[in-house]
Amino acid sequence: MIDFVYAAAVFEEKSPLADLIHRYKYDFSREVADVLLGLFDGIFAELTAAGKTMGIILVPVPLHKRRINFRGFNQSEVLAQKLSAKFGVKMQNLLTRHRYTQPQVELSKEHRLTNLHGAFSLAKSAGEIDQNALHLLVDDVCTTGSTLNECAKALKGCGVKRVGGLVIAKAV
């Protein structure tokens, strides 16, 4: 299970932020990532002030190969790369999504909770993992937390002690 989630904003349907996230993910507008990046300034200011950024590894939530081929990019990976460059925090692609699943946005809350079971595992290219670092899973939206929880399970199964989430927006 995920230990905690940092959210840059609250997610509300039909809000300007929801529209931006939709453009980023479904209209394939990569330039929106630069706008969304600014939302994380407060979170990283707090982490920097507390001296916590040195022990953080950003881990983008992976997409299945089919979804990457369709979209042309992984929105979580692009965001993690930009966060890494802007705030000087290490990023690693540690996970792979080995099972294709129906998009969470198309499912009811009940189905979202089970849709991703067993869909993530450690990437073959992961290499050595710093088990004591704080691994922050980077994703766009956290609704039920099932995506982050399934990714956290895969990381904790490899001995990682602390896994948090870092999302643009979280539903309340």
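Residues are numbered from 1 along each chain as its sequence is written, and side-chain values use heavy atoms, with hydrogens and water left out. Because the model is predicted, local features need pLDDT of at least 70 and side-chain atom pairs count only at pLDDT 80 or more, whereas totals for chains, interfaces and linings use all residues.

The chain holds 7 helices and 7 strands, where helices (H or I, at least four residues) and strands (E, at least two) are DSSP runs numbered from the N terminus. Their order from the N terminus is β-α-α-α-β-α-α-β-β-α-β-β-α-β.

| Property of the chain | Value |
|---|---|
| Box of the C-alpha atoms along the principal axes | roughly 35 × 35 × 30 Å |
| Share of buried residues among the 172 residues | 48% |

Here buried means under 20% relative accessible area, exposed over 50%, and partly exposed in between (1.4 Å probe, protein chains only).

In helix H3 (residues 41–49), the buried residues are Ile43, Phe44 and Leu47. They lie on the same side of H3 because they cover an arc of only 90° around the axis, the arc being that of the directions from the helix axis to the C-beta atoms. These buried residues pack against strand E1 (4–10), strand E2 (56–60), helix H5 (75–87) and strand E7 (162–170), with contact meaning heavy atoms within 4.5 Å. On the face of H3 turned away from its buried side are the exposed residues Glu46 and Ala49, and just after H3, Gly51 takes a positive phi of about 70°.
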